[in-house]
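Biologist: Let's look at some labels and ask what stands behind each one.
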Amino acid sequence: MTTEHIAKLIAAAKNDLEQGIYYAFAFLAGTRPSEQLGLLWSEVDFERNVIRIRRIQERDGSLTEMTKTEAGTREIPMSAVLREMLLAWRVRCPRLGKELHRVFPGPGRLQEWPKPRIGGGGPLLYQNFRKRYWAPAFRALGLPYVTPHSARHSFISTLQAQGIEIGLVAQIAGHANPTVTLGHYTQAVRDGSAAIEALDRAYGG
């Protein structure tokens, strides 16, 4: 996908209050699908403006308190667009009982706003995520289809193209070794705000 394609998808997602965050998140945070689906609201820190990646969701929907690699346990800075979308989603997000739990839960049944949903709040399995949220967005927008994991590659490529040094990109992406991110190592000398500004520049945030 081109930068223009991604900007189109994110613009549509901002106006799609029920599903937009599901398909925009990976482009804005660079997470693996298992990390996205395993994210809890307790790890979204609006005060510090970071998302803590601490766990993954397994194929059966259960949560594992570990990430793919040790470097996978990390903090991802929130761009203005991502922060705004998450704040809006927090109001509508299906609860587990009455409590906010998963950021990307199964939807339950939607009633006319502002009536609460019926059910929902539990795990959303990966295959259902792709079928209900991911693929329909690309079809509706007439965009070339990519997998959720490809969104992570786009995130990493965008940061690199915007001149963010490889050490910082590797840190945000959760790569144990920056050579995974690129063939050579560059020390991370800036904090995550430089990466946020790069994403906002690229996607017109």
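Biologist: Why does Asn-49 count as partly exposed?

Modeller: This is a predicted model, so the value is computed from it. The relative accessibility of Asn-49 is 23%. Buried means under 20%, and exposed means over 50%. The value falls in between, so Asn-49 counts as partly exposed.

Biologist: Where does Asn-49 lie, and what is its phi?

Modeller: Asn-49 lies in the loop between strand 1 and strand 2. Its phi is positive, about 65 degrees, although Asn-49 is not a glycine.

Biologist: How do you know that the span of helix 4 agrees with its 13 residues?

Modeller: Count 1.5 Å a residue, and residues 80–92 should span 18 Å. The end C-alpha atoms of helix 4 are 19 Å apart, which agrees.

Biologist: Which residues of helix 4 are buried, and what puts them on the same side?

Modeller: They are Val-81, Leu-82, Met-85, Leu-86 and Trp-89. They cover an arc of only 120 degrees around the axis, so they sit on the same side of helix 4. In general, an α-helix has 3.6 residues a turn, so residues three or four places apart point the same way.

Biologist: What do these buried residues pack against?

Modeller: Their partners are helix 1, helix 2, strand 1, strand 2 and helix 9.

Note on methods
Residues are numbered from 1 along each chain as its sequence is written. This is a predicted model: local features need pLDDT of at least 70, side-chain atom pairs count only at pLDDT 80 or more; totals for chains, interfaces and linings use all residues. Side-chain values use heavy atoms; hydrogens and water are left out. Helices (H or I, at least four residues) and strands (E, at least two) are DSSP runs, numbered from the N terminus. The expected span of a helix is 1.5 Å times one less than its number of residues. Buried means under 20% relative accessible area, exposed over 50%, partly exposed in between (1.4 Å probe, protein chains only). The arc is that of the directions from the helix axis to the C-beta atoms. Contact means heavy atoms within 4.5 Å.
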